[in-house]
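I opened this notebook to record what I looked up, one entry at a time.

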Amino acid sequence: MTPIAALDGIEVRLGRLPVLRGVDFMVSPGEAVGVVGPNGSGKTTLLRVLATLLRPGGGSGTVLGAPLGTDQVRRVRRRIGLAGHQPALWNELTLRENLMAIARLSGLGETAADDALYRVGLTGAGGRSAGRSSHGMRRRVDLARLLLTRPRLVLLDEAAAGLDRSARLLVDAVVAEALGSGGGAVLVSHDAEHLGAAVTRVVEIEDGGMRVSGGRR
Amino acid sequence: MTEPVTTTVSAGPGAVPDSPPGSLHQLFETARRELVLEGRAGEVWGIVIPFGALALILLPLALGPDVPLLARVGPAVFWVVALLFGMLIALRQSSADPAELRDLQRLLEVDPAARLVGKALAGAVWLLGLLLVLGAATVVLYAPAIPVRWWMVPVVLMLVALGVAMAATLAGEVAAGLRSRSTLAPLLAAPLGIPVLVAAAETTDRLQVGGSILTPTLLLVMVDLILAIVIVLAAGPLEDATS
Amino acid sequence: MTQTGSALPPPSRARRLLEPLALLALLAGLWFAMTAPPDATQGDFYRILYIHVPSAWLAFLAFGVTAVGSIGYLIGRRRSWDRVAAASASVGVVFTALTLVTGSIWGRPVWGVWWDFGDARLMSTAIMFFVYLGYLALRRTVEDPETRALRSAVLGAVAVIQVPLVYFSVNLFRTLHQTQTIRPDGAAMEPEMLLALLVNVVAFTVLYAALLARRIEVGRLEEIAEELTPAEPAGRAVQPPPLGEVGGG
C-alpha cells in the first residue's frame, strides 16, 4: 500500500539553525499520526515539509506519491489540506465570504461552501467580519475549509487550540473524513492531550529528531 | 453559533477538481477580491490620498507663493507625488498576504502570475483614484496651464497607474515577508518607476505646448508591457523563494 | 571537515596571480596617465578622466556580471552563480560611486555645476547606483541562503532592464543635446591620451577581476562559517522555565 507520506532522513535548516535532523516519518492510508514535542522542536517545520511548502535540505521523501523537491509536488498540492497555527483568512471579508473565495479558487460551487459553513455551526455567524471574529470562530472556518476541499492528507497544527468542546469534536470529524476515504492525517501539538480521539499513533519530536513513543495512547 | 454537525459523511474522492480554474479566472478573482478588501479597509481613500494631497501643499509652502513658478512646476510636482504615493498604495501593509494565506494559495495552486497581476490590476484602480484626486488638487493649487487636448490626460493616467502599480507589486513580492518590507520595497520600486515618471512628465509638457504625445505614450505602453512580462516571469521563482 | 566536503579552500592559482598583476597594471596605468600630454583646453585637470572612464566601464561590467550570475542562478539554481552575482555587486557599487564622484568633479569646471541632469549616461549611472544599493539591502535582509539567492537573482535579472530603460527615457526626453558633444569621446583625443586611457581600462579590469575573485572567496568562507556554527538544533535553546524559583512563597 503506497503510504500517504514517507520521509527518510529529512534535514531542514532555517537560516543557520538546523531545525530537523535526520527525520524518518511515515503516514499510511487510514492513519492519523500525532506529533508531540516542546516549543521549537520542529513540529511546524515538519508539517510544512509534509505540505510540500518547504524544501528539505537533505534526505528524501514522497507525499501523495510525489517526490519532495521535484515539480511533481505541484500535482498533489490540491489534495493537501493544511490548517496552520494561524487560520488563513482575509480579515476584511466575512466568514462566509472567506469560504466562498476559497471555493471559487478551488473550482467548487457556492452550495458546497454553504454546506461546509453549516457543518461547522457557523451559518448564523457567516456574516461576521473575519477580523472581528473570535479565534475559535476563525479556527472553525479553517476546519470548514478542510471539510470543503476534502483533502487526502490533512495537516493540523495545534488544531484544537482555543476551541470549545463541541468544536474539538469537529477536528475529530475532519480527521475521520480524511481517513474514511483512504487518506491520512498528521496532527501536531505541544501536548498529547490536545490531539483528539482520532489519532492512532503518537510520535515525539525533540530537537529536530524523532522518537516513536509507542502505539495507541 | 450553533453546535457543529459531527456525524460522519460518506467517504468519497477528494472534493476538489483535478486541475485549478484557469489563470485568467484566478486573475480576475484576485483582482475582485483585492478591490473588496481595500474597499472595506479604506486605507487608500482614508489615508494615502489625503496624505498625497497634503504633500502637494508642502512644496508651495516651501517655495513661497510664486504663482508663475508654481504654474510651471505644477505638473512635475504632480507626477512625483503620484509616483511616490502611488507606490505606497500598492505596497500598503494590508495588501501583503500573511504567511498562512500565501501558503493556502500555494496549496490551492493559484497561479502566482495570475495572483500578482490581479493584485497589480486592483492596485492600478486605486492608483487611478489617487491620480484623479491629486490631479484636481494640482489644478487648484498650482494653476498650471490647461492643455487644449486635456481629454488625452486620462489615457496617460491609466497607463501610469498600471505601470506604477506593477512596479510596486513586483517590488513588494521580492520583499515579501521580510522585516524591512515597508521600506525596502519602495527603494526597489523607485528605479522601475523612473521611465514612467519621465514619459508621463513629457506628455504633460508636450500637451501644454500643443505638441504630439505619441512618442511618450508609446514609451509608457512599452514600459507597461515590459513590466507585465517581468511580473509573469518572476512570479514563479518568487513563490518558490517564500518557502 | 565541513559539509562542503573539504577543508578551507586554498586560494586558487588564478587569484594568487591576479592581485600582484593588478598592482602592476595599476602602476602602469598611473604612469601612462601622468605622462600623457596635457589637454588643449583643460590642461592637467582632465587627467581625472583616467579614473572616471575606466570606473564607468567597470561599473557597467560588474552590473552585467551580476545580471548574468542572477539569470544563471535562476536557470541552474547552483550557488556558484549566486556567489558571483553578489560579489560583483559588492565590487560594482564601489566603482559606480567612484564613477559618479569623479564624473562630478570633472564636470564642475566644464558644465559649471556639480551635476548635470541632462546627461543620460550620468543619470542612468546614478540610477544604477541605487539599484545596486537596493540589491545589497535585499541581500542583507534575507537570512535564509536559498531564499536570499533566489530573490536577489530575480532582482538582479530585473535590474538589467531598469538601467537601459532609464537611459532610454532620459535620453529621449530629458537630454540637452549640446552636453553630449562636450564629453570627450575619443573624437578629440590625441593618440597618446587614447593609449593611456586604454591602459587604464585594462588595468582597472584586472583590478576588478582580482577584487571579484577575492570577494567570491570571502563569500565562500562566509558560507562555510555559516555551516560550521551551531550544530545544535533550534529547540535546544528553549528550556522549561524554572517554576520552583518563581514567586515569594
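Entry 1, salt bridges. I counted salt bridges over all chains and got 21 for the structure. The model is a predicted one, and I kept that in mind for every entry below. I then picked out one pair, B:Arg40 and A:Glu97, whose side chains meet in a salt bridge at 2.7 Å from N to O. I looked up where the two residues sit: B:Arg40 belongs to helix 1 (residues 23–41) of chain B and A:Glu97 to helix 3 of chain A, and the pair crosses between chains.

How many salt bridges does the rule find across the interface of chain A and chain B? I noted 4. For residue pairs in polar contact between chain A and chain B, with both residues at pLDDT 80 or more, I noted a count of 8.

Next I asked which elements of chain A supply the side that touches chain B. I listed those giving two or more residues: strand 6 (80–83), helix 3 (95–106), helix 4 (110–119), helix 5 (135–149) and helix 6 (165–180). Helix 6 of chain A gives the largest share, 7 residues. I sorted the residues of this side by class and wrote down 22 nonpolar, 10 polar and 13 charged.

I found 45 residues of chain A in contact with 40 residues of chain B. The two chains bury about 4200 Å² between them, and 59% of this is on carbon and sulfur atoms.

I went through the elements of chain B and recorded 8 helices and 0 strands. I took the span of its C-alpha trace along the principal axes, which is about 75 × 40 × 30 Å.

At what angle do helix 3 (residues 67–91) and helix 7 (residues 181–209) of chain B pack? I wrote down about 145°, with the axes 8 Å apart. The crossing of these two helices is right-handed. I looked up the residues that make the contact: helix 3 of chain B contributes B:Pro75, B:Trp79, B:Val80, B:Leu83, B:Met87 and B:Leu91, while those from helix 7 of chain B include B:Arg181, B:Ala185, B:Gly193, B:Leu197 and B:Gln208. By class, I recorded 13 nonpolar, 3 polar and 1 charged residues for this contact.

Definitions and conventions
Residues numbered from 1 in each chain as written. Chains lettered and ligands numbered in written order. Predicted model: local features only at pLDDT ≥ 70, side-chain atom pairs only at ≥ 80, totals over all residues. Heavy atoms only, no water. Contact = heavy atoms within 4.5 Å. Buried area = accessible area lost by both parts, 1.4 Å probe. Polar contact = N/O pair within 3.5 Å; in protein donor to acceptor, adjacent residues only side chain to side chain. Helix = DSSP H or I, 4+ residues; strand = E, 2+ residues; numbered from the N terminus. Nonpolar A, V, L, I, M, F, W, Y, C, P; charged D, E, K, R; others polar. Axes fitted to C-alpha atoms, helices over the stretch in contact; angles between N-to-C directions. Left-handed = near helix turned anticlockwise from the far one by under 90°.
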